[in-house]
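Here is a short tour of one protein chain. Keep the sequence and the 3D view open as you read.

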Amino acid sequence: MSQSAVLVRNKPRRIVHRTRGQRHGPITRLMSPGDLGEVLKPFVFLDLLDMGAGTSFKGFGLHPHSGIATVTHILQGSVRYEDTTGARGILPEGGVEWFKASHGAWHGGGPGESGRTRGFQLWLALPAEHELGAVESIYQAPDTLQRDGSAIVLLGGYGDAKSALRTPSPVNYLSVRLKAGESWRYVPPANHTVAWAALSIGSVAIPDPIYAGELVAFAPSNQPIEFNASADTELVLGSAVPHPHELVLGYYSVHTSPQTLIAGERRIDEIRARLQTEGRL
């Protein structure tokens, strides 16, 4: 191998976008389809949740989605959840909610037990063959998740660790904790040219610094990414095969065409009528 090839291989993965998003109370929206979601699709929304003890935030009542799947990961504390599949309960620290809304469903939640609650909620655009499919809700306890070194695998697989959740398109989503001075290297699958990372606490260098509350998007590539923690750090990282479809947006929905958006919103309205009849809205 030539010296120039070695230099290219070892060149750090370049950051092409960074943001602190928009904050609404305890929720910071770091990504949406109108901004980085278009660049990073199938990742289309990312919310950072940080509710302090004694917060007045009551949570989100039942609200609809279609055409997307949400992944909620709790880093500290707990949240309560319910959805129109009949599931309800408490998602504890370290737990994961997978809610594939597909052709249309409603869910809601809010603070769980007392104390500070922190976590991320990620929304994935579904491919055309899944966007009007069956709804799926799965709630995973922390001890069911697999780990490879510093990384917990929330979706996809890394090293010898795999998620039990089956994603409709090739996606990796990892939760990583590093102590100050530790390093961690992510080597994406060859076809995962979309990649981003977001920090909830701490700071890392890659070598450009990334700080708590930031989301960064990396240049399209399959180059590895090396994180060097300059403080105790928690981050999530996503990589994927690019979503080949347009993002057609409704108020609560993301689809691949106007026709499937209409179908999803029709199903949402049918469920709304039932919930109103039951006195739940």
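This is a predicted model: local features need pLDDT of at least 70, side-chain atom pairs count only at pLDDT 80 or more; totals for chains, interfaces and linings use all residues.

Residues are numbered from 1 along each chain as its sequence is written, and side-chain values use heavy atoms, with hydrogens and water left out.

Strands are DSSP runs of E with at least two residues, numbered from the N terminus. Two of them pair if DSSP finds at least two bridges between them. Start with strand 3, residues 27-31. Its pairing with strand 2 (residues 22-24) is antiparallel, over three bridges. Here His24 has Ile27 as its bridge partner. Two residues lie between the strands of this hairpin, and Gly25 takes a positive phi near 65 degrees. Strand 3 also runs antiparallel to strand 4 (residues 43-51), joined by four bridges. Met31 stands opposite Leu46 there.

Buried means under 20% relative accessible area, exposed means over 50%, and partly exposed is in between (1.4 Å probe, protein chains only). Four of the five residues of strand 3 are buried, so the strand is largely enclosed by the rest of the structure.

| Residue | Relative accessible area | Class |
|---|---|---|
| Thr19 | 23% | partly exposed |
| Ser253 | 2% | buried |
| Phe43 | 0% | buried |
| Trp196 | 0% | buried |

**Thr19 and Ser253**

Thr19 belongs to strand 1 (residues 15-19). Its side chain reaches the backbone nitrogen of Gly21 at 2.9 Å. Ser253 sits in the loop between strand 25 (248-249) and strand 26 (254-255). Which side chain does Ser253 join in a polar contact? It is that of Ser66, at 2.7 Å. A polar contact is a pair of N or O atoms within 3.5 Å; within protein, one must be able to donate a hydrogen and the other to accept it, and residues adjacent in sequence count only if both atoms are side-chain atoms.

**Aromatic rings**

Rings of Phe, Tyr and Trp (its six-membered ring) pair if their centres lie within 6.5 Å; planes under 30 degrees apart are stacked, over 60 edge-to-face, and the rest tilted. The structure holds nine aromatic pairs. Phe43 and Trp196 form an edge-to-face pair, with 5.5 Å centre to centre and 80 degrees between the planes. Phe43 lies in strand 4 and Trp196 in strand 19 (residues 194-201), so the pair ties together parts 153 residues apart in sequence. Ring pairs also link Tyr158, Trp184, Tyr186 and Phe227 into a cluster.
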